[in-house]
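User: Hello! I am new to this structure and would like to get to know it. Could you walk me through a few spots?

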Amino acid sequence: MGKSSVATLAERTAALVKHVNVEKVLERASSGIYIGHSVDLGWGRVYGGQTMAQALSAAQHLVGDSRRLHQLSCNFLRPGDVKHDIEFEGDVVADGKSFAVAHVRALQKGKHILTLTASLQTPEEGLEHQYQHRFSRDGKKLRPEWGTPNELKSIYDHMQPFLGQIPPQLQPLYQHPQPIEVRPSEFVPPWDQTARNPVRSNWVKSRLQLPSDPNVHQRLLTYISDWSLLETSVFPHDGVAMWQKNMQMASLSHSMVFHRDFKLDEQWLCHAMYSPTSSGGRG
């Protein structure tokens with residue numbers, strides 16, 4: 001019996017870890033050039049989470065392993081072409097005793113498609129607290145409507161009965177379990193045009209063990225953080241869905257703050273999303 005051409009989950013996990021990293025082309029004391037490889041997930045353009053994670057990887061390489069990312073901000077400038085690799089040019093624009101800031105530009109065919117600014121800090125101890133604010137009802141516990149991962153099904157499980165309704169180019173995303181498991185608190189098919197509140201939450205976790213390097217976990221969380229965001233902004237609008245022919249959506253900017261180290265292969269993380277307003281073609 002011939003070997004199946006379908007990659008195993010372990011192979012897909014290793015490929016994703018490699019995918020969110022970049023290859024060094026040239027590195028100087030405070031600048032560098034790196035290459036990231038593009039993958040077509042079926043949308044006809046590079047997935048935004050890929051470009052962000054690879055730009056973050058370039059920033060991490062530039063600053064070095066002694067600093068840990070605590071904040072990043074991105075601007076998406078042009079759609080990425082899945083047929084071409086991405087060149088990342090980076091500079092360390094500030095390098096102090098505790099903090100360093102790196103600025104990275106992602107380019108294809110000589111044109112910028114994304115810029116990223118990342119602040120990284122030498123790990124240190126200090127005051128600690130966590131108040132949930134709008135993401136809880138009493139400032140301490142998670143909101144009950146988010147559920148718990150043990151009582152929820154993954155997007156992969158939810159989508160199995162609908163494989164025939166999925167556009168052919170997107171079917172590979174749902175035919176096999178993906179390395180990062182996503183369990184929505186409420187499953188909303190991307191073709192559902194029913195209006196609902198503009199809130200949603202996903203629990204995310206790696207299905208298999210990952211390398212111990214914290215930088216890898218930060219890249220992968222950055223990668224998956226772009227999943228489901230755009231859909232949330234169309235929820236309040238009746239007759240509108242993510243997957244409809246006349247709908248064109250794209251991310252314009254993206255920011256993340258990392259308060260603590262985490263292990264994406266040991267902890268379930270809840271990504272809570274809400275869209276407070278939309279206007280002028282933005283949401």
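**A lined cavity, a helix and a loop residue**

Analyst: Happy to! The largest cavity is lined by Val188, Pro189, Pro190, Asp192, Thr194, Arg196, Glu231, Val234, Phe235, Val240, Ala241 and Met242. Please keep in mind that this is a predicted model.

User: How many nonpolar residues are in the lining of the largest cavity?
Analyst: Sorted by class, the lining of the largest cavity includes one polar and three charged residues. Val, Pro, Phe, Ala and Met are among the residue types that count as nonpolar. The number of nonpolar residues in this lining is eight.

User: What volume does the largest cavity have?
Analyst: Searching the whole structure for cavities of 30 Å³ or more turns up one. The volume of the largest cavity is about 60 Å³.

User: Why do the buried residues of H1 lie on the same side of the helix?
Analyst: Helix H1 spans residues 9-19, and its buried residues are Arg12, Thr13, Leu16, Val17 and His19. In an α-helix, residues three or four places apart point the same way, because there are 3.6 residues a turn.

User: Which elements do the buried residues of H1 pack against?
Analyst: These are the buried residues Arg12, Thr13, Leu16, Val17 and His19. Their packing partners are helix H2 (48-63), strand E7 (180-184) and helix H5 (214-225).

User: Is Ser154 buried or exposed?
Analyst: Ser154 sits in the loop between strand E6 (111-121) and helix H3 (155-159). Leaving out residues up to four places away in sequence, Ser154 touches Glu181, Val182, Arg183, Pro184 and Arg207. Buried means under 20% relative accessible area. Because its relative accessibility is 3%, Ser154 counts as buried.

Terms used
Residues are numbered from 1 along each chain as its sequence is written. This is a predicted model: local features need pLDDT of at least 70, side-chain atom pairs count only at pLDDT 80 or more; totals for chains, interfaces and linings use all residues. Side-chain values use heavy atoms; hydrogens and water are left out. Helices (H or I, at least four residues) and strands (E, at least two) are DSSP runs, numbered from the N terminus. Buried means under 20% relative accessible area, exposed over 50%, partly exposed in between (1.4 Å probe, protein chains only). Contact means heavy atoms within 4.5 Å. On a 1 Å grid over the protein atoms alone, a cavity is a set of points where a 1.4 Å probe fits but cannot get out, and a pocket is an open set with protein on both sides within 12 Å along at least five of seven lines; lining residues have an atom within 4 Å of a point. Grid points are joined across faces, edges and corners, and a volume is the space filled by probe spheres set on the points.
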